[in-house]
Amino acid sequence: MKAAVYSQPGAPEVLRYQEVPDPVCAPDGVLIRVEAIAIEGGDLIHRAASPPPRPDHIPGFAAAGEIVAVGAQVRDRRIGQKVTSFDMAGSHAALRAVAASRTWLMPEGLDMAAGAALPIAFGTADHCLFARAGLGAGETVLVQAGAGGVGLAAIQLAHRAGATVLATVSGAARAERLAALGLDHAIDHRAVDPVEAVLRHTGGRGVDLVLDPVGSTLQASLAALRPEGRLVFVGNAGGAGLEVSLWPALQANQTLHGVFMGTQFEKPEVYSSVSRLLQRAASGELEVVIDRRFPLSAAAEAHAHAESGSLLGRVVLIP
C-alpha cells in the first residue's frame with residue numbers, strides 16, 4: 001500500500017510518500033480501506049518533535065473508511081461497514097489496522113471527511129466542557145483558538161448548551177464564520193489584549209470556564225477566569241512549555257483540569273458521547289468544518305498548511 005512515513009522528527013519535509021507493507025488485521029481488530037484522514041494537532045507535534053518508534057513510521061490519529069477485514073474475535077463489525085477510527089498512529093495510509101473498540105459506525109449521510117475529523121475534535125470538546133468542567137446553561141466560556149478543530153467544536157457545543165461563548169480568533173472573516181456557528185464575542189488576539197477583552201465583555205468579572213487547547217496561553221487563560229472558575233487545558237497545540245505560576249489560581253480558588261484524550265476514547269461514556277456526536281453531525285445539528293483537502297501523496301504540503309496558522313477547521317488527506 002501507499003503511505004506517508006517519516007524516519008526522524010522534523011519539519012513537514014521529513015514526510016515521504018512511498019510503498020510500505022500492508023498492515024495485518026489483529027484478532028480483536030479490523031482492517032480499513034481509508035477514504036479520509038484528518039490531520040490532528042497531535043500528528044503535527046509528534047512529527048515535529050518525537051523520534052518515531054521505527055524507520056518508515058506511519059503517523060496519524062484519525063481516519064475513516066470501509067472495513068475490508070474483521071478479526072476472529074470481533075462480533076460487532078462486518079466487512080463493508082463504513083467506520084471512523086482513532087489510534088495513536090497509522091492513519092496516513094491507504095489501509096489501516098486498528099482495534100475494533102477504537103472504531104465508530106458512520107451514520108448514514110455523513111461525509112467521510114467530516115467523519116474522520118469529528119471524533120477527536122468534538123469528542124475532546126464535549127468531554128472537556130461537560131464531563132470535566134460541568135458547563136451549564138447561563139455560564140460564560142472562553143475558547144482559546146476558536147478557529148481550530150477543538151475550538152470550532154467547543155463553540156457549537158457550548159452555544160447549544162445555553163452558554164455565552166467568547167473565543168480568541170484572528171481576522172474579521174473568521175470571526176464572522178464563527179458567529180454563524182454560535183460565537184457571541186470574537187476576540188482578535190492580534191489586535192487586542194485577550195484578557196482585557198474578556199474582562200470588558202464580562203463587566204470585569206471574568207468567565208466561568210476556559211477551554212485551552214493551546215498551552216502557551218495558559219497564563220492568560222487563568223487571568224481571564226473569574227474567582228472559583230474552571231480551566232480545562234487539553235493538548236499543547238502551541239508547542240511551548242506548560243509551566244505557569246499557580247499562586248494567582250490558588251488565591252482565586254480556581255480549579256484546573258488537565259485532559260489527555262489518548263487514554264479516554266475507549267471509556268464507555270466517552271465512546272458513547274462520540275457516537276451521539278456523529279449522529280448530531282449527520283442530522284445537520286453540528287457542522288464539522290473542513291479547511292482544505294489534499295491528496296495523501298501531498299502529506300508534507302498538507303502538514304505545512306496545517307501549521308501555517310491560517311486555518312479554519314481541519315485539514316484532510318484523501319488517499
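**View 1. Helix H2 (112-132) and helix H3 (149-160) each supply at least two residues of the lining of the largest cavity.** Helices are DSSP runs of H or I, at least four residues, numbered from the N terminus. The model is predicted, with pLDDT of at least 70 required for local features and 80 or more for side-chain atom pairs, while totals for chains, interfaces and linings use all residues. Residues are numbered from 1 along each chain as its sequence is written, and side-chain values use heavy atoms, without hydrogens and water. The count is 1 cavity of 30 Å³ or more (on a 1 Å grid over the protein atoms alone, points where a 1.4 Å probe fits but cannot get out; lining residues have an atom within 4 Å of a point). The volume of the largest cavity is about 60 Å³ (space filled by probe spheres set on the points). Its lining consists of Ala117, Ala121, Phe122, Gly149, Leu152, Ala153, Gln156, Glu287, Val288, Val289 and Arg314. H3 gives the most to this lining, with 4 residues. By class, the lining has 7 nonpolar, 2 polar and 2 charged residues (Ala, Val, Leu, Ile, Met, Phe, Trp, Tyr, Cys and Pro are nonpolar; Asp, Glu, Lys and Arg charged; others, including Gly, polar).

**View 2. H2 packs on H3 at an angle of about 55°, with their axes 8 Å apart.** H2 contributes Ala121, Phe122, Thr124, Ala125, Asp126, Leu129 and Phe130 to the contact, and H3 contributes Gly149, Val150, Ala153, Ala154, Gln156, Leu157 and Ala158 (heavy atoms within 4.5 Å). The contact has 10 nonpolar, 3 polar and 1 charged residues. Among these residues, Ala121, Phe122, Gly149, Ala153 and Gln156 also line the largest cavity.

**View 3. The axes of H2 and helix H8 (residues 268-282) come within 9 Å and cross at roughly 120°.** H2 and H8 are therefore oblique to each other. On H2, the contact is made by Gly115, Leu118, Pro119, Phe122, Gly123, Asp126 and His127; on H8, by Val270, Ser273, Val274, Leu277, Leu278 and Ala281. By class, this gives 8 nonpolar, 4 polar and 1 charged residues. Phe122 and Asp126 of H2 take part here and in the contact with H3.

**View 4. The second largest pocket holds about 250 Å³ of space.** A pocket is an open set of points with protein on both sides within 12 Å along at least five of seven lines. The lining has 16 residues, of which Met1, Pro23, Ile58, Gly90 and Ala97 lie nearest the centre of the pocket. The lining divides into 10 nonpolar, 2 polar and 4 charged residues.

Conventions
Axes fitted to C-alpha atoms, helices over the stretch in contact; angles between N-to-C directions. Parallel < 35°, antiparallel > 145°, perpendicular 65-115°, else oblique.
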